[in-house]
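Open the model in a viewer and keep the sequence panel beside it.

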Amino acid sequence: MSTGREFSTPATFEVRDLTVQLANDEPLCQSLSFALQAGDCLAILGRNGAGKTTLLHQLSGITPTQRGSVWVNAHNLHQQTPRQQAQWRGLLPQQVSGGMSEGLDCSVLEAALTGRHPFINRWQQENEADYQLGHAALTEVGLQGLESRRVNTLSGGERQRLNLATLFVQNAPIMLLDEPLAHLDLHHQIAVLESLQRRAQQGHIVIMVLHDPALACRYCSHTLLLYGNDEISNVGIGNAEFGPISLVDAARLSQLYGHPIQEIRSATNARVFIPD
Amino acid sequence: MRLPRHIALMLGLTSLAFISLAWALLAGSSVAGWQDVWPALNGGGGTAGEVIRTLRLPRALAAFACGGLLALSGALLQILLRNPLADPYVLGVSGGASLAALLALAVGWSGWAMQGSAFVGALIAMLLVFALAHRRGPWSSTRMLLTGVMVASLCSACIALILSLAPDANLRGMLYWLMGDASQAEHPLIALSVLLLGVTITLPLARELNLLARGEISARALGVNVTHLSRWVFVLTSLMTAIAVTTIGAVGFVGLAVPHVTRFLLGHDQRIVLPASVLLGGSLLTCADTLARTLLDPVQLPVGVFMALIGAPLFLWLLSRRFA
């Protein structure tokens, strides 16, 4: 569980006039500005190739911006050292297949403990408290008992949950997640979203790329619709819409994905979106 | 990190290092005993002392230092390029050094002149790989690997050309140099100090290297300055390889296999793997060199050949046990 250590002031996250571009291509999104407060949970929705991952990497500070800036607690994120950045924000990268070679593999617990790296000095080792955080995070994602397993013996879903555990061990005020539900079964999808929702309620800011608008409506407070620079959407090049989660409706989603989508209500009155 | 098994294995490796050095001092055609060693190190001991002090000790230390340098470089490069097949020679450093050394031998240079040109050749190859791999766009491990492999094959083509054109009188010296030869290694101090420097620089970086091994994006996300780290590790490994190649010739196998053996035995925490690789690599090369100079005494065999003769079966045995 989150202990709320290492940050006491509620974080704010602000994007000013950000333009995301791949090399010399048309911009994927233009002059994007929005602000989030502690407790907010943002769902980034968009088609494949709309620039969701590129945007998320720029928001996290690991890749430089071409134009515009990202501010955390009134500090320009891109002017901080990598270590300072890592104390403020965590990033769950997209899983790439074959990302790790077999010869260079570590145990599940070691992998989870890497989340403590930004808080441990060069000459220090992980202490008992760090190990406890590691065990707690592994238990939260349901990987208890697998601590000494090699990472490359895990299934895709288990590996994804291990990456989430690492993010929870890091426990940064701002959490950016690239498709956190990839490879997860339905039960674990909901468990992970509930974990993230709990963190938002504790004062974290959660920003995630999702592919399920229904789950976004259920668990997020805000949305960012990235239309990308594809002509099909007819909303102009590099357009993006930011707003409360109520912005998500069948008309916008049809335009966003370039596919007719209708909205229905479940028995519990949850919003569900179905492609025609 | 704090497991008793790790401490025991590290102690074992340290003793192995001392045993290999002691064996290197005692073994040889003019037999020396334990009683000769201490007086010899203090500057006495008559003929046996003289042999130990001026011949065997520098050579044993040079072999140990080069083994350590190559193993440490290999361990670092396998992380930097995130490729288990990476070894110090993959960057073309050895190719450049060998080419320059053979050119020096071909024009009749030897001793310091030859070693100096080997070092210059290693640096030129390293700068070439660095410049080509960085020319456009961001750092990429695949591109660096491919550039290194290409520079290395270019060098070996030139080496083959020189060997086929060289006069017979020079051929034997050239072949010995290519196969690794510690008999020229009279000045171990440079190699030892570079090894010490390498260990001192990399040990504080070990935790960041652990993260880098898990992938570049997640390392960046956890606050590792990947660009700086990669650049410094590249420069350091190139220098360490250049020193090792200059001191002892092109000895293969240590850099590739020793880090793997260490990981089989001790896991994947670089805080353990890096120092353990140094100890194991140094001990193995010292033993190989002692065997190379005593087995067919007075004929001195190239140490590189022995290294692979001992190392490859050992490595295969460990590999089959691990996946059995």
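Which element gives the most to the lining of the second largest cavity? Helix α13(B) does, with four residues. Helices and strands here are DSSP runs (H or I, at least four residues, for helices; E, at least two, for strands), numbered from the N terminus.

Before going on, note that this is a predicted model, in which local features need pLDDT of at least 70 and side-chain atom pairs count only at pLDDT 80 or more, while totals for chains, interfaces and linings use all residues. Residues are numbered from 1 along each chain as its sequence is written, chains are lettered from A and ligands numbered from 1 in the order in which they are written, and side-chain values use heavy atoms, with hydrogens and water left out.

**The cavity in chain B**

Select A24(B), R56(B), R59(B), A60(B), T286(B), D289(B), T290(B) and R293(B), which line the second largest cavity. A cavity is a set of points, on a 1 Å grid over the protein atoms alone, where a 1.4 Å probe fits but cannot get out; lining residues have an atom within 4 Å of a point. Its volume is about 40 Å³, taken as the space filled by probe spheres set on the points, with grid points joined across faces, edges and corners. The search of the whole structure finds two cavities of 30 Å³ or more.

Now colour α3 (46-80) and α13 (270-294) of chain B: each supplies at least two lining residues. By class, the lining has two nonpolar, two polar and four charged residues. Ala, Val, Leu, Ile, Met, Phe, Trp, Tyr, Cys and Pro count as nonpolar, Asp, Glu, Lys and Arg as charged, and the others, Gly among them, as polar.

**Between chains A and B**

Show both chains. The contact (heavy atoms within 4.5 Å) takes 33 residues from chain A and 27 residues from chain B. About 2,600 Å² is buried, of which carbon and sulfur atoms give 56%; this is the accessible area (1.4 Å probe) that the two parts lose on being put together, summed over both.

Next, select R271(B) and E126(A), whose side chains meet in a salt bridge at 3.2 Å, N to O. The rule (a side-chain nitrogen of Lys or Arg within 4 Å of a carboxyl oxygen of Asp or Glu) finds two salt bridges across this interface.

Go to R265(A), in strand β11 (residues 261-265) of chain A. Leaving aside neighbours within four places in sequence, R265(A) is in contact with A270(A) and R271(A). Then pick N269(A), in the loop between β11 and β12 (271-275) of chain A. The backbone oxygen of N269(A) lies 3.4 Å from a polar atom of the R265(A) side chain. Phi of N269(A) is near 70°, a positive value in a residue other than glycine.

Finish at F253(B), in the loop between α11 (226-248) and α12 (254-266) of chain B. F253(B) is not a glycine, yet has a positive phi of about 75°.

Methods:
On a 1 Å grid over the protein atoms alone, a cavity is a set of points where a 1.4 Å probe fits but cannot get out, and a pocket is an open set with protein on both sides within 12 Å along at least five of seven lines; lining residues have an atom within 4 Å of a point. A polar contact is a pair of N or O atoms within 3.5 Å; within protein, one must be able to donate a hydrogen and the other to accept it, and residues adjacent in sequence count only if both atoms are side-chain atoms.
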